[in-house]
Amino acid sequence: ILDELERHYLEGSLPNVRPIVKSYSLTIAAIGNSLEQNAAQMAEDVLRRLEQIHQNGTIPGMSPSTAIFNSVIKAIARVKKTGEDGRTHALQAQRLLTEMTERAKHGETAVQPNERSWGCCILVWADSGLPNAAAEAERVLRSMDLSFRRGEIDFRPNTVCYTTVIRAWSNSRLPGAADRAEEILMKMEEQYEETVDERLKPSRISYITLIDCLIKQDPYNAGRRAQETVDRMIRLYAKGVGFERPEKMVFNTLLNAWAKSKDSDAGIRAEHLLTWMDEVDDIHVRPDEISFCCVLNAWANKALSGGARRAEALLNHMESLSPKRRGFQPSIICYNIVIKAWSRSRDPDAVSRVEELLKHLETRDDIHPDTTTYSSVINCCAYYHGPDMNMAYEVAMRTYQKMIWSTKERPNSITYGTIIKVIGRHFNSREVDESGQLQNIFRHCSERGYVDMFVLYSLRDACSPNLFKEIVLPNEGNQENTGEKDTKFESILTKIPSSWRRNCGYP
């Protein structure tokens with residue numbers, strides 16, 4: 001379209017139609033939003049094309065501007081980066097920012113970089129996927145701050161710039177990433193308290209990003225460090241100088257930190273926080289389903305030390321609240337987490353508890369068990385460690401049969417792989433070979449297109465090598481050691497009919 005616009009203007013065929021700078025800016029934006037592999041270079045090519053027109057004077061009033069350069073850097077930021085492309089694109093953005101700076105120094109003030117120019121460059125480095133992405137993003141941030149302190153620019157890094165670097169450290173694999181992210185947030189706090197400049201004030205997103213970083217980078221201490229961060233946020237808000245007040249989203253992220261924490265008392269700390277959120281009687285803090293799910297997950301992650309019973313007790317408390325008092329309609333997710341907790345618990349009552357919970361759900365009109373619910377019950381049976389293995393087998397088979405005959409929730413690869421595990425644990429390989437159960441389950445699985453690596457692993461562990469080959473590769477003859485290595489399983493996936501794996505995401 002841009003080509004046509006230029007051609008019509010230069011030929012004079014449409015005298016009232018001419019390209020303007022916005023035409024090039026929109027073209028660059030469209031390229032940035034495209035899936036073109038070379039979108040970054042295409043975006044810069046449009047910029048250079050505009051500059052050539054300006055130099056030649058072929059179309060009046062067509063001079064490059066800061067906005068055009070920013071459009072290119074923003075387009076680069078939008079391009080999906082993998083491998084060496086990340087470095088190429090980051091260096092391209094850095095080069096454009098440097099070019100803008102140098103040209104402005106030589107009097108071309110129309111291309112003077114602004115906050116967005118620097119911010120987009122930081123973003124490109126942060127999202128480059130490079131091992132040193134966070135360090136490079138912080139380098140640009142520091143350079144921006146130094147330029148401000150020297151009086152070379154009249155703006156300093158803002159909240160978005162700092163938060164982007166915190167996010168970059170969150171995704172980093174470099175040692176000390178959590179400490180670096182925490183130092184950056186604390187610097188934001190200090191600068192805002194000194195200047196009361198709204199552009200420097202850490203936002204709720206800044207705190208949430210740091211807590212997410214702590215979860216990823218320091219799981220053993222994530223809960224305690226996140227709690228210290230939120231406690232500091234509360235103290236700063238209480239000073240009354242304009243700091244953000246922590247609200248539900250921040251507290252939910254803190255609850256998630258406790259849920260992911262390796263701390264022995266993480267479940268207790270999470271539940272205490274949930275209780276406080278519920279009792280504070282503040283609509284901006286009042287817990288929602290996400291809050292409850294985080295605490296349920298905290299207990300599920302402590303299932304071996306009584307967490308399953310605590311999770312079910314919390315679920316029962318949630319159910320006992322009136323809809324008005326609770327403020328939300330629970331979804332099946334809460335119940336699935338409790339079933340997961342029982343599956344991890346090694347409690348002798350685990351299987352009976354999850355089947356009872358499943359039956360309770362099946363009688364309700366407002367919540368219905370889904371594929372994850374049924375699969376999780378079967379999984380609980382597969383890893384049951386109690387005295388009644390027959391009972392676990394029977395519950396698993398009953399649950400599987402419900403799914404087979406259901407018109408709503410059908411088995412998926414997780415379901416098939418897990419029920420195969422149940423059979424393999426309950427019978428020895430000779431009994432499995434003679435029963436014919438695995439043949440029927442695998443046939444059903446392949447007809448539905450759910451044969452994946454997990455199903456193959458489970459099947460190989462459950463039966464003899466001969467039966468495995470007979471079921472999976474009946475036409476392959478007697479190849480030895482079928483399925484002993486991962487590479488063999490991957491090879492098997494390429495040999496089986498594509499229809500068998502059509503719903504598993506394999507090509």
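Okay, let's start in the middle of things: the largest nonpolar core here has 153 residues. The ones with the most contacts inside that core are Tyr24, Ile419, Leu438, Leu459 and Val472. Keep in mind as I go that this is a predicted model.

Let's pick one of those five and look around. Which residues does Leu459 touch, leaving out those up to four places away in sequence? You'll find Ile420, Leu438, Phe442, Phe468, Ile471 and Val472. Leu438 and Val472 were on that most-contacts list too.

Next, a couple of helices. Find α3, residues 39-56. Which of its residues are buried? They are Ala39, Ala40, Ala43, Glu44, Val46, Leu47, Leu50, Glu51 and Ile53. Notice that Glu44 and Glu51 are in that list. The cover over these buried residues includes α1 (2-11), α2 (21-33), α4 and α5. And just past the end of α3, have a look at Gly57, which takes a positive phi of about 70°.

Now slide along to α6, residues 115-126. Same check: 12 residues at 1.5 Å each should span 16 Å, and the end C-alpha atoms sit 16 Å apart, so that agrees as well.

Is α6 mostly covered or mostly open? Mostly covered: 9 of its 12 residues are buried. Among them are Trp118, Cys120, Cys121 and Trp125. The buried residues of α6 pack against α4 (66-78), α5 (84-105), α7 (133-149) and α8 (159-170).

Since cysteines just came up, let's finish with those. A disulfide is a covalent bond between the sulfur atoms of two cysteines. How many disulfides does a search of the whole structure find? The count is 0. Take Cys293: the nearest cysteine sulfur belongs to Cys334 and is 3.6 Å away. Cys293 is buried, by the way, at 11% relative accessibility.

Then there's Cys463, also in no disulfide. For Cys463, the nearest cysteine sulfur is that of Cys445, 13 Å away. Cys463 is buried too, with a relative accessible area of 5%.

That's my tour, thanks!

Note on methods:
Residues numbered from 1 in each chain as written. Predicted model: local features only at pLDDT ≥ 70, side-chain atom pairs only at ≥ 80, totals over all residues. Heavy atoms only, no water. Disulfide = S-S within 2.5 Å. Buried < 20%, exposed > 50% of the residue type's maximum accessible area, 1.4 Å probe, protein only. Core = buried A, V, L, I, M, F, W, Y, C linked by side-chain atoms within 4.5 Å. Contact = heavy atoms within 4.5 Å. Helix = DSSP H or I, 4+ residues; strand = E, 2+ residues; numbered from the N terminus. Expected span 1.5 Å × (residues − 1).
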